[in-house]
Amino acid sequence: MIQQQTTNQTAALKVIGIGDDGQGSLLPQYIQWISESEVLVGGERQLQFFPDYSGETIAIKGGLSELAARLQTKAEEGRRIVVLASGDPLFYGIGGYLSSKLNVEIYPNVSSLQLAFARMGQSWQDAYVTSVHGRSMKGLAQRIDGKSKVALLTDETNSPKAIAQYLLSFGMAEYRAFIAENLGGSEERTGWYELQELEEREFSPLNVMILSAPKGAWAGKRWPMGIEDEMFIQRKPDKGLITKKEIRVMSLAQLALQPDSIVWDIGTCTGSVAIEAARIARYGEVYAIEKNEADLQNCLDNMHRFRTDITAIQGRAPQGLEQFPDPDAVFIGGSGGEMEELLHVCCSRLRPGGRIVLNAATIENLYEANKAFANEGFATSITLAQISRSKPILNLTRFEGLNPIYIITAKHKESGGAEETEGTASE
């Protein structure tokens, strides 16, 4: 480390991590570099740690691209520059951005997360770490569900109180929270809380929130792929308007979802496909549309029951799809009689390498869909799923058939043409 510092002392721009106790958190070498610099950059709070600094100061406010360009100009002029950053500059900090734009050296401090776990007295190599600082909480529920130790970086909007309310809306009361405020500073405060307690409390904006759940907390709450149909809230008395488990699993397999996929579910009804898709694409986004208001409410209720934070709107597709980002995968459970227009929108918006899976219950819809995909230049493969389930009859067992379903999978033609694509799929 000493050899590395000696070698790099001539670098024009240094990024130095600093704690909430200011100069007391810095090595003497770092303080010397700051005093010898000509430009000191940092947040207003960090700059206040150096009231006697005689060089030029730049407070970081918004626009990092503009800041990087400004620093590049000063570096080319031969100015000695130090950038101050909270804790570890490469941990959700400015260091990663600056290092991608400029020639920098980074000298990390202890991160707020390390300090928080130290105050807890627990290891953190097994923790799931994420940030809702300056970003939406959307999708947080599905990302952390089932994880016994979660560390969250918060902000004034996504505060411990707001996070607790969000988690409780998904029934995630198995978590307790350790809140660490103003770590390393004179007003440091830490403590354990139940989520319900957090709804009534306010905390310093400078805090880290760690969620912890005991072993066995998810007994009876583990949902494998292929959730039983009866577990979903459905329309009454007309139950059965749901993509059946076996068809759902086969359709999801054809969608070829990745952990970060963006998914559309058109005609979501109970939300069964959207919910299972969200559990696969935990770090992606799932968007659902449903024309029936009562079915949409069932979808939203199921979303909270199965801890998946999808975006579901009421509408008659293709109207409404313009609100969604371009998808990696599209599932169509119902076309609402507008097959050609709907498939045109889906095909034109589908990202390269993506797939569209359509379930058709009639040969007329099968024909119409296959023809529409061909007109869009898409290659298709079709599976006829004829499923029967066992059913007891007295002391015997018989089978009862479900409606046959055509599962149509469409994707962009590859360079070798539709024949090559279909041949590969059939193998």
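This report walks through a predicted protein model, from its overall build to a few single residues.

**Ground rules**

Residues are numbered from 1 along each chain as its sequence is written, and side-chain values use heavy atoms, with hydrogens and water left out. Because the model is predicted, local features need pLDDT of at least 70 and side-chain atom pairs count only at pLDDT 80 or more, while totals for chains, interfaces and linings use all residues.

**Overall build and confidence**

The protein holds 15 helices and 19 strands. Helices (H or I, at least four residues) and strands (E, at least two) are DSSP runs, numbered from the N terminus. Along the principal axes, the C-alpha atoms fill a box of roughly 85 × 50 × 40 Å. Of the 427 residues, 47% are buried. Buried means under 20% relative accessible area, exposed means over 50%, and partly exposed lies in between (1.4 Å probe, protein chains only).

Contact means heavy atoms within 4.5 Å. Among contacts with a separation of 6 or more, 64% join residues 24 or more positions apart.

The average pLDDT is 91, and 92% of the residues score at least 70. This score is the predictor's confidence in each residue, from 0 to 100.

**An annotated span**

UniProt lists residues 15-195 as "domain: Tetrapyrrole methylase", in an unreviewed entry. UniProt positions are given in the numbering used here, feature names are shortened, and annotations may be inferred rather than shown by experiment. In the model, this span is 33% helix and 23% strand. The end C-alpha atoms of residues 15-195 lie 37 Å apart.

**The largest pocket**

A pocket is an open set of points on a 1 Å grid over the protein atoms alone, where a 1.4 Å probe fits, with protein on both sides within 12 Å along at least five of seven lines. Lining residues have an atom within 4 Å of a point. The largest pocket has a volume of about 1200 Å³. That volume is the space filled by probe spheres set on the points.

The lining has 43 residues. Arg45, Gln46, Ser86, His133 and Leu206 lie nearest the centre of the pocket. By type, the lining divides into 19 nonpolar, 16 polar and eight charged residues. Here Ala, Val, Leu, Ile, Met, Phe, Trp, Tyr, Cys and Pro count as nonpolar, Asp, Glu, Lys and Arg as charged, and the others, Gly among them, as polar. Strand β4 gives the most, with three residues. Elements that supply at least two include α3 (44-47), α5 (94-101) and β10 (207-212).

**A buried helix**

Helix α11 covers residues 272-280. Eight of its nine residues are buried, so the helix is largely enclosed by the rest of the structure. Among the buried ones are Val273, Ile275, Glu276 and Arg279. They pack against several elements, including α10 (245-255), β12 (285-290) and α12 (293-305).

**Two single residues**

Serine 212 is found in strand β10. At 19% relative accessibility, it counts as buried. Beyond four places in sequence, serine 212 touches Ser148, Glu174, Tyr175, Arg176 and Trp192.

Aspartate 155 lies in the loop between β7 (149-153) and α8 (160-169). It is buried too, with a relative accessible area of 12%. Leaving aside neighbours within four places, aspartate 155 is in contact with Val132, His133, Gly134 and Arg135.
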